[in-house]
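Here is a short briefing on the structure below.

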Amino acid sequence: MSIMEYNGGSVIAMVGKDCVAIASDLRLGNQALGIASDFEKIFPMTDRVYLGLPGLATDVTTLREQFRYRLNMYTIKEEREIEPETFAHLVSSTLYERRFGPYFIEPVMAGLQRLPNGGYKPFIAATDLIGCINFAKDFVVAGTASSKLFGVAEGLWEPDLEPEDLFETIAQTLLNAVDRDAYSGWGAVVHVITKDKAIKRVLKGRMD
Amino acid sequence: MPDTAHEQPQQRQFYPYTENGGTILAIAGADFTVIAGDTRQSEGYSIQTRYAPKVFRLTERAVLAVNGFAADGNMFVKKVKQRLEWYRHAHAKEMPLRAIARLIQTMLYAQRFFPYYVNNILGGIEEDGSGAVYSFDPVGSYEREACRAAGAASSLVQPFLDNQIYFKNQTPAPGTPHPTYLPLPDVLAIVIDSFTSATERHIEVGDGLEMYVVLAKGRSIEELADVAGVQELTTRADGDRMFVIQRELKKD
């Protein structure tokens with residue numbers, strides 16, 4: 001019995017042209033038994049930084065609260081909101097703190113990095129369960145459907161997608177990947193983040 | 001005689017199977033079939049060879065792709081070919097595709113308690129002239145399908161095929177239903193994309209790509225005319241036609 005597959009679930013993030021998207025399924029299971037179809041794994045950290053937490057459900061809740069606390073402390077101390085790249089290192093160090101008794105979560109981050117000239121740069125990253133960061137330039141995946149997500153994303157993704165096309169790409173990638181994974185699925189949610197708005201769409205999917 | 005009383009008991013075992021990586025894939029069209037496989041053969045992290053075919057011509061209208069344990073695969077293909085030769089001698093004709101599929105089932109199930117460690121995909125042209133793909137599990141359970149991926153990167157490729165061949169999770173515009181079968185150029189493009197994607201993300205896939213194309217009798221070969229690296233394998237002028245297309249894949 002693998003702890004990483006105990007509750008199931010998958011997350012993916014993609015880079016587009018001046019935008020990023022992050023999406024996940026909505027399943028919460030107890031091994032093969034489905035428990036809930038409204039279990040969200042993606043949480044807004046700021047207006048421009050989103051965090052996905054696939055893995056052991058109890059640690060999803062724990063880490064979400066942990067990051068809420070640490071982010072509040074950062075915001076009070078610095079008197080500004082955190083940048084995505086800084087947040088990735090916060091995630092990394094939080095997980096590495098538990099190097100020999102880890103949280104069973106493989107976080108995925110997506111956000112827009114503020115540039116000195118006032119513009120924004122798309123940012124995505126993922127880490128393993130002990131906080132080793134992967135700063136990918138195209139897409140990152142995690143969860144029980146990760147190998148399927150890799151296959152579909154590698155086939156569908158292309159550089160410089162506009163927000164609407166990026167939404168379609170990430171939605172199709174996620175939906176088709178989780179349909180081949182028994183531990184993921186039961187609906188999906190997609191967040192598309194641009195410089196002036198973040199759109200959340202809840203998708204219907206196969207319920208088997 | 002040496003005193004062996006103090007020695008620890010030793011255990012030895014022989015494991016008769018190996019996993020040799022690679023991926024195979026077949027897609028059926030209305031009047032053609034494409035059967036493809038990469039050519040890398042590996043054991044663990046070592047590449048044994050960059051060119052070990054996994055796709056084999058059985059008859060002038062049937063192609064078999066075999067993936068899993070290479071030694072078993074090669075021996076299985078050899079035995080299937082032998083049975084097909086016996087059939088030719090006994091009946092003075094080629095065995096039809098659906099009969100080859102049933103033969104493969106019987107041959108695999110005959111080894112139910114010491115199986116050939118392979119996934120088979122059989123592709124070709126049916127007696128009615130339609131393109132067909134049959135996929136098998138190692139003990140002979142089989143099914144006719146429009147497309148199938150098997151092997152090391154099957155989990156990467158199959159959901160992509162669900163989306164691009166079966167149009168899963170796609171809603172057609174009103175009055176324009178999804179096509180049941182795709183045209184040959186589209187199928188070839190999807191096969192090449194599937195293997196380049198699998199090569200990118202799976203260490204056991206790469207080196208070369210071999211795509212067999214079987215065209216039903218009388219079908220135009222126009223769509224294959226400007227394809228790079230195509231070679232005709234047809235033996236009879238009045239029957240179905242067979243081609244092989246060879247492409248390079250990344251070698252890292």
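B:S194 counts as buried, because its relative accessibility is 3% and the cut-off for buried is under 20%. The model is a predicted one.

**Around B:S194**
- Helix α4 of chain B, residues 184-201, holds B:S194.
- Beyond neighbours within four places in sequence, B:S194 contacts B:L25, B:V157, B:F160 and B:L161.

**Build of chain A**
- Chain A has four helices and 12 strands.
- Its radius of gyration is 16 Å, close to the 17 Å from the globule rule for 208 residues, so chain A is as compact as a globular protein of that length.
- The C-alpha trace of chain A spans about 50 × 40 × 25 Å along its principal axes.
- Among contacts in chain A with a separation of 6 or more, 62% join residues 24 or more positions apart.

**Burial and surface of chain A**
- Buried residues make up 52% of the 208 in chain A.

**The nonpolar patch**
- A:Y69, A:M73 and A:I76 form a nonpolar patch on the surface. Together they have about 350 Å² of accessible area.
- A:Y69 sits in helix α1 of chain A, residues 57-78.
- Is A:Y69 buried or exposed? A:Y69 is exposed, because its relative accessible area is 51% and exposed means over 50%.

Key:
Residues are numbered from 1 along each chain as its sequence is written. Chains are lettered from A and ligands numbered from 1 in the order in which they are written. This is a predicted model: local features need pLDDT of at least 70, side-chain atom pairs count only at pLDDT 80 or more; totals for chains, interfaces and linings use all residues. Side-chain values use heavy atoms; hydrogens and water are left out. Patches are made of residues with over 30% relative accessible area and no salt bridge: like charges are joined within 9 Å, nonpolar side chains (Val, Leu, Ile, Met, Phe, Trp, Tyr) within 5 Å. Accessible areas come from the Shrake-Rupley method with a 1.4 Å probe; for residues, only the protein chains shown count as cover. A salt bridge is a side-chain nitrogen of Lys or Arg within 4 Å of a carboxyl oxygen of Asp or Glu. Helices (H or I, at least four residues) and strands (E, at least two) are DSSP runs, numbered from the N terminus. Buried means under 20% relative accessible area, exposed over 50%, partly exposed in between (1.4 Å probe, protein chains only). Contact means heavy atoms within 4.5 Å. The radius of gyration is taken over C-alpha atoms; the globule rule is 2.2 Å times the number of residues to the power 0.38.
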